[in-house]
Amino acid sequence: MKEPRNLPLWCKPGVKRLTREEEVSLGQRAREGHEAAVSELVERNLPLAISMARRAKSSLDIEDLYQAAALGLFTAAKYFDPNRGSFG
């Protein structure tokens with residue numbers, strides 16, 4: 001699997017993971033329709049999704065897996081229920 005050369009900054013190692021408090025706050029704002037909160041939820045969780053995409057055994061190009069991971073996070077962020085700590 002060949003890594004893309006020009007990853008955006010938020011795809012690179014070193015992005016801090018969300019604390020539980022940050023996750024709840026962003027989740028509440030995202031459910032209220034704040035696009036900036038959705039974007040931050042996605043950006044801060046993307047390294048985990050990228051890590052999982054790297055381990056996937058797929059015939060898809062790694063860049064396609066990265067895009068699928070990002071799209072999945074955007075969808076999930078809109079359904080995240082911060083009170084339950086899950087998607088619902």
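**Close-up views of the helices and salt bridges**

**View A. Glutamate 23, with a relative accessibility of 22%, counts as partly exposed.** The model shown in this and the other views is predicted. Glutamate 23 forms a salt bridge with the side chain of arginine 20, with 2.8 Å from N to O. Both residues belong to helix H1 and are three residues apart, so about one helical turn separates them. Arginine 20 is also partly exposed, at 41% relative accessibility. This salt bridge is one of three found in a search of the whole structure.

**View B. The chain as a whole contains three helices and two strands.** The chain has 88 residues, of which 30% count as buried. Among contacts in the chain with a separation of 6 or more, 63% are between residues 24 or more positions apart. The views that follow turn to the helices and their side chains.

**View C. Helix H1 packs against helix H2.** H1 covers residues 20-31 and H2 covers residues 35-55. Their axes lie 8 Å apart and form an angle of about 140°. Angles over 145 degrees count as roughly antiparallel and those from 65 to 115 as roughly perpendicular. H1 and H2 are therefore described as oblique to each other. The crossing of H1 past H2 is left-handed. On the H1 side, the contact is made by Glu22, Glu23, Leu26, Gly27, Arg29 and Ala30. On the H2 side, it is made by Ala37, Val38, Glu40, Leu41 and Arg44. By class, the contact of H1 with H2 comprises five nonpolar residues, one polar residue and five charged ones.

**View D. Glu22, Glu40 and Arg44 form a network of salt bridges.** Glutamate 22 pairs with arginine 44, and their closest N and O atoms are 3.2 Å apart. Glutamate 40 and arginine 44 are both in helix H2, four residues apart, or about one turn of the helix. Arginine 44 is buried, at 18% relative accessibility. Glutamate 22 is partly exposed at 32%, and glutamate 40 is partly exposed at 31%. Glu22, Glu40 and Arg44 are also listed among the residues of the contact between H1 and H2.

**View E. Helix H2 also crosses helix H3.** H3 runs over residues 62-79, and its axis comes within 8 Å of that of H2. The two axes cross at roughly 140°, and H2 and H3 are therefore oblique to each other. The crossing of H2 and H3 is right-handed. Glu35, Val38, Ser39, Leu41, Val42, Asn45, Leu46, Ala49, Ile50, Ala53 and Arg54 are the residues of H2 in this contact. H3 contributes Ile62, Leu65, Tyr66, Ala69, Ala70, Leu73, Phe74, Ala77 and Lys78. The contact of H2 with H3 divides into 15 nonpolar, two polar and three charged residues. Val38 and Leu41 of H2 are listed in this contact and also in the contact of H1 with H2.

**View F. Alanine 70 is a buried residue of helix H3.** Its relative accessible area is 16%. When neighbours within four places in sequence are left aside, alanine 70 is in contact with Val42 and Leu46. Val42 and Leu46 are among the residues of H2 that meet H3. The C-alpha atoms of alanine 70 and alanine 49 are 7.6 Å apart in space, while the two residues are 21 residues apart in sequence.

**View G. Serine 51 of helix H2 is shown with alanine 69.** The distance from C-alpha to C-alpha is 9.9 Å, and the two residues are 18 residues apart in sequence. Serine 51 counts as partly exposed, at 25% relative accessibility. Alanine 69 is among the residues of H3 that meet H2.

Note on methods. Residues are numbered from 1 along each chain as its sequence is written. This is a predicted model: local features need pLDDT of at least 70, side-chain atom pairs count only at pLDDT 80 or more; totals for chains, interfaces and linings use all residues. Side-chain values use heavy atoms; hydrogens and water are left out. Axes are lines fitted to C-alpha atoms, for helices over the stretch in contact, and angles run from 0 to 180 degrees between N-to-C directions. Angles under 35 degrees count as roughly parallel, over 145 as roughly antiparallel, 65 to 115 as roughly perpendicular and the rest as oblique. A crossing is left-handed if the near helix is turned anticlockwise from the far one by less than a right angle, and right-handed if clockwise. Contact means heavy atoms within 4.5 Å. Ala, Val, Leu, Ile, Met, Phe, Trp, Tyr, Cys and Pro count as nonpolar, Asp, Glu, Lys and Arg as charged, and the others, Gly among them, as polar. A salt bridge is a side-chain nitrogen of Lys or Arg within 4 Å of a carboxyl oxygen of Asp or Glu. Buried means under 20% relative accessible area, exposed over 50%, partly exposed in between (1.4 Å probe, protein chains only).
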